[in-house]
Amino acid sequence: MSDTKHAQFATQVIHAGEQKDPAYNAIMPPVVTASSFIKENIGAPQEFGYSRGENPTRHALESCLAELEGGAGAIACASGMAATASVMELLPRDAHVIVTASVYGGTFRLLEDCRSKTSGFTTSYVDLNDLTAVEAAIQDNTALIWIESPTNPLLKLVDMQSVAELAKQHQILTCVDNTFSSPWNQQPIKFGIDLVMHSTSKYVGGHSDLIGGAVVAATPELHKRLQYIAMAVGAIQGPFDSYLALRGLKTLDLRMQRQSSNAQTIAEHLEQHPAIEQVFYPGLPSHPQHALCKQQMKTGGAVVAIRLKGGLEEAKAVIGRLKYFVLADSLGGVESMINHAFTMSHGGMPVEEKYAVGITEGLLRLSVGAEAVEDLIAELDHALEAIST
Ligand code: PLP
């Protein structure tokens with residue numbers, strides 16, 4: 001293991017984990033595509049055997065992510081959803097899961113369309129900041145509290161420490177989907193969380209060129225079980241995508257500094273704009289959980305949600321005038337992206353539920369990229385002229 005544990009994050013992100021190359025001493029761990037590794041003899045000790053179980057490139061990524069999140073170990077998976085599904089494999093049949101209300105649509109689909117049918121899971125969607133409601137939702141078979149903070153797309157925060165304390169009293173596992181923050185912006189294990197899940201397709205990769213996921217475990221026991229699950233179900237990340245994620249991580253600090261500072265500037269600017277009804281951004285003093293943001297996050301992050309004065313037609317008109325903010329399902333790349341949650345990320349959610357959680361036709365999610373903020377503001381101002389005020 002490297003000795004970067006006490007270094008600053010900007011140093012850790014470049015050097016953390018086991019990134020050695022015993023063959024050529026290459027500065028960047030090579031992409032080892034071998035499915036199998038030759039054995040010296042029957043029973044001889046071997047670090048790598050078959051790549052579904054262990055692969056050197058994947059291992060370099062896993063050890064780096066584990067250190068960045070302050071965990072005991074990590075598994076890198078084929079996608080964020082494969083990572084989430086691997087966490088669900090930790091739970092017994094007929095488990096009850098408490099979930100952040102307005103959770104990411106893919107997590108909702110996995111629980112409601114798959115695990116409820118195949119594993120007998122039941123779920124309760126709860127405002128996790130209402131600890132009385134969380135406590136009331138706990139049943140004898142509650143095995144996991146699934147936390148998303150900030151939430152997609154309205155950027156509500158959850159007080160991770162309070163939820164972790166309550167969960168521990170009841171021997172319930174906690175997992176935070178840390179996709180929106182990356183380990184740069186918050187490290188849930190510090191607040192007593194057991195598991196941290198990432199869609200590395202977003203900020204960890206950072207360049208919109210890979211699908212990947214990861215789970216970091218707080219304890220060696222949980223890590224061992226997750227490794228076993230990843231091997232048993234084969235949810236693993238391939239070597240080339242592991243390499244891309246590790247390569248992306250090297251610039252995470254630089255990217256997140258620029259992108260979150262751009263997002264803060266844009267959020268402050270849009271808050272004053274006459275075509276906007278509301279800006280949702282935890283870095284704004286007007287955000288109801290701004291104090292919690294300062295407590296558990298480094299910055300407000302790089303995602304800003306805006307509610308236009310208007311609905312679908314106004315949203316279409318604004319999007320039609322943008323060129324740097326591309327209309328896309330994803331987020332977290334260096335290029336700015338815009339998402340219409342009502343029809344895109346949350347398109348599969350029943351309309352009444354969308355209205356109930358505040359996802360309306362005029363809501364847009366901005367994933368702020370690393371471009372010059374002046375250019376982004378100029379084009380947003382131009383696009384918002386499409387709305388008559
Ligand atoms: N969690 C969140 C918050 C997401 O936004 C996404 C994808 O958009 C996922 C999980 C799933 O990740 P993936 O698309 O890599 O499977």
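Biologist: Where does Pro150 sit in the chain?
Modeller: In this predicted model, Pro150 is placed in the loop between strand S4, which covers 142-148, and helix H6, which covers 160-169.

Biologist: And what is the peptide bond from Ser149 to Pro150 like, cis or trans?
Modeller: The bond that runs from Ser149 to Pro150 is cis, and its omega angle is near -5 degrees.

Biologist: What about the bond that joins Asn152 and Pro153?
Modeller: Asn152 and Pro153 are also joined by a cis peptide bond, with omega at about 5 degrees, and Pro153 lies in the loop between S4 and H6.

Biologist: Okay, on to the ligand. Which residues are around it?
Modeller: The residues around the ligand are Ser79, Gly80, Met81, Tyr104, Asp177, Thr179, Phe180, Met197, Ser199, Ser201, Lys202 and Gly212. Sorted by class, this shell holds four nonpolar, six polar and two charged residues.

Biologist: What lies 2.8 Å from an oxygen atom of the ligand?
Modeller: That is an N or O atom in the side chain of Ser199. Gly80 takes part through its backbone, where an N or O atom lies 2.9 Å from an oxygen atom of the ligand, while Tyr104 has a polar side-chain atom that lies 3.5 Å from a ligand oxygen.

Biologist: How much of the ligand does the protein bury?
Modeller: Taken alone, the ligand exposes 390 Å², and the protein buries 91% of that area. As for its place in the protein, the ligand sits in the largest pocket.

Biologist: Which elements give two or more residues to the shell around the ligand?
Modeller: Those elements are helix H3, spanning 80-88, and strand S6, spanning 195-199.

Biologist: Switching to aromatic rings, how many aromatic pairs turn up in the whole structure?
Modeller: Searching the whole structure gives four aromatic pairs. One of them is formed by Phe37 and Phe48, whose rings are 5.8 Å apart from centre to centre, with 45 degrees between the planes, and this pair is tilted.

Biologist: Where in the chain are Phe37 and Phe48?
Modeller: Both Phe37 and Phe48 are in the loop between helix H1 (9-15) and helix H2 (56-69), and they are 11 residues apart.

Conventions. Residues are numbered from 1 along each chain as its sequence is written. This is a predicted model: local features need pLDDT of at least 70, side-chain atom pairs count only at pLDDT 80 or more; totals for chains, interfaces and linings use all residues. Side-chain values use heavy atoms; hydrogens and water are left out. A residue is near a molecule or strand if one of its heavy atoms lies within 4 Å of it. A polar contact is a pair of N or O atoms within 3.5 Å; within protein, one must be able to donate a hydrogen and the other to accept it, and residues adjacent in sequence count only if both atoms are side-chain atoms. Accessible areas come from the Shrake-Rupley method with a 1.4 Å probe; for residues, only the protein chains shown count as cover. On a 1 Å grid over the protein atoms alone, a cavity is a set of points where a 1.4 Å probe fits but cannot get out, and a pocket is an open set with protein on both sides within 12 Å along at least five of seven lines; lining residues have an atom within 4 Å of a point. A molecule sits in a cavity or pocket if more than half of its atoms lie within 2 Å of its grid points. Helices (H or I, at least four residues) and strands (E, at least two) are DSSP runs, numbered from the N terminus. Ala, Val, Leu, Ile, Met, Phe, Trp, Tyr, Cys and Pro count as nonpolar, Asp, Glu, Lys and Arg as charged, and the others, Gly among them, as polar. Rings of Phe, Tyr and Trp (its six-membered ring) pair if their centres lie within 6.5 Å; planes under 30 degrees apart count as stacked, over 60 as edge-to-face and the rest as tilted.
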